[in-house]
Amino acid sequence: TEARRILGIDTSCDDTGVGIVELAPDGQVRVLANRVWSQTVHAQYGGVMPELASREHVERIDDILQEALKEAGLALTDLHAVAATSGPGLVGALLVGLMYGKGLAQALGVPFYSAHHLEGHIFAAASEALLQTPYLALVVSGGHTHLFDVPAPGRYDLVGATRDDAAGEAFDKIARLAGLGYPGGPAISEAAQRGDPGSVPFKEPLQGQQGFDFSFSGLKTAALLAHRGGATPENLAASFQQAAVKFLVKTTVRAARALGRRTVVVSGGVAANAALREAFQQTGLNVVFPGKGLNTDNGAMIALAGAAALQAEKAPSPLTVGAEAYAP
Ligand code: KG4
Ligand code: ZN
């Protein structure tokens, strides 16, 4: 057998992502292309407008596919499978990539795999070889803060989740409060370099909990009070980032110990955060992060999920599979 090439599409929110990965017979994987069109029309509304997101996906997806093929130096006929996100996400937005992927697979006569967006985020950390179970997976993005135990391929046991805001959402809201712009994660990370992380005291959320849940609303309120009290954006950014990172790392390490896991996958947009990466690297655990451009929403991570399905010789998804706003 020869290497197979899988196309992945993600249109779950406001990014049109198309990626291509190569799966070698021995299970080695390589990202050949990863093109993302990040929609900017939403900036003027201060949040993602679902209907506008769908329309932009429709307008862009052809071009992004062509860019991805060009980056990989491939033609459509070089593809062996197509994967697309079916959920969770904005239904109208999801439908664009899902239907496009199904149609493409049908036209090319190759298998189609629907993918779960969070599984995609986790598989984004598969840089050379596909991930080996068991491991713990922390998905920290703008919409999710989920901690999964993954004891075997395809099995995801939720061991903790946020009780209020997602981690990335907290970065975004506090950045907006401090006037640091959008998206908040990179802005906070940048401003934090010029601030004093000890200047604003933040109480650790959910102190003393037995489980592995997360909560960011307390940090958000504390940030608001500190802002009103005259804390500078830089000091607020540095202090909040330190508190959020400490909380995420501590909870994850506790879970890893309790479940006896040595490997932790940290993915999603917030996994791009340098302070978070540094703190995780000091835990002594085997921590795996996605490579550059694979943390935030993209198509390559969905192609990697498709590659894992192919490698596991999973049956292709029926073309009747629909988009799901809330996918368990
Ligand atoms: O995974 P993603 O692109 O979209 C969702 O599926 O939600 O994640 C986007 C989130 C945003 O909230 C953004 O502020 C955050 O990831 N983010 C970061 C960084 N880069 C992106 N948060 C902290 N530090 C960063 N460097
Ligand atoms: Zn995402």
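In which hand of crossing does α7 pass α8? The crossing is right-handed, meaning that the near helix is turned clockwise from the far one by less than a right angle. This is a predicted model, in which local features need pLDDT of at least 70, side-chain atom pairs count only at pLDDT 80 or more, and totals for chains, interfaces and linings use all residues. Residues are numbered from 1 along each chain as its sequence is written, and chains are lettered from A and ligands numbered from 1 in the order in which they are written.

**Helices α7 and α8**
- The axes of α7 (residues 233-259) and α8 (residues 274-281), as lines fitted to C-alpha atoms over the stretch in contact, come within 10 Å and cross at roughly 40°.
- That angle makes α7 oblique to α8.
- Gln241, Val245, Leu248 and Val249 of α7 meet Ala275, Leu276, Ala279 and Phe280 of α8 (contact: C-beta atoms, placed from the backbone, within 7 Å).
- This contact has seven nonpolar residues, one polar and no charged.

**Domains**
- The protein chain is divided into domain 1 (4-127 + 295-311) and domain 2 (135-288), with bounds from an automatic or database domain assignment.
- The domain centres, taken over C-alpha atoms, are 27 Å apart.
- Eight residues of domain 1 and 13 residues of domain 2 form the contact.
- On the domain 1 side, five are nonpolar, three polar and none charged.

**Ligand 1**
- Ligand 1 is surrounded by 20 residues (C-beta atom, placed from the backbone, within 6 Å), and the closest are Gly142, Gly168, Gly185, Gly269 and Thr296.
- Domain 1 and domain 2 each give at least three residues to this shell.
- α4 (167-177) and α5 (184-192) each supply at least two.
- By class, the shell has six nonpolar, 11 polar and three charged residues.

Technical notes
Axes are lines fitted to C-alpha atoms, for helices over the stretch in contact, and angles run from 0 to 180 degrees between N-to-C directions. Helices (H or I, at least four residues) and strands (E, at least two) are DSSP runs, numbered from the N terminus. Angles under 35 degrees count as roughly parallel, over 145 as roughly antiparallel, 65 to 115 as roughly perpendicular and the rest as oblique. Two residues are in contact if their C-beta atoms, placed from the backbone, lie within 7 Å. Ala, Val, Leu, Ile, Met, Phe, Trp, Tyr, Cys and Pro count as nonpolar, Asp, Glu, Lys and Arg as charged, and the others, Gly among them, as polar.
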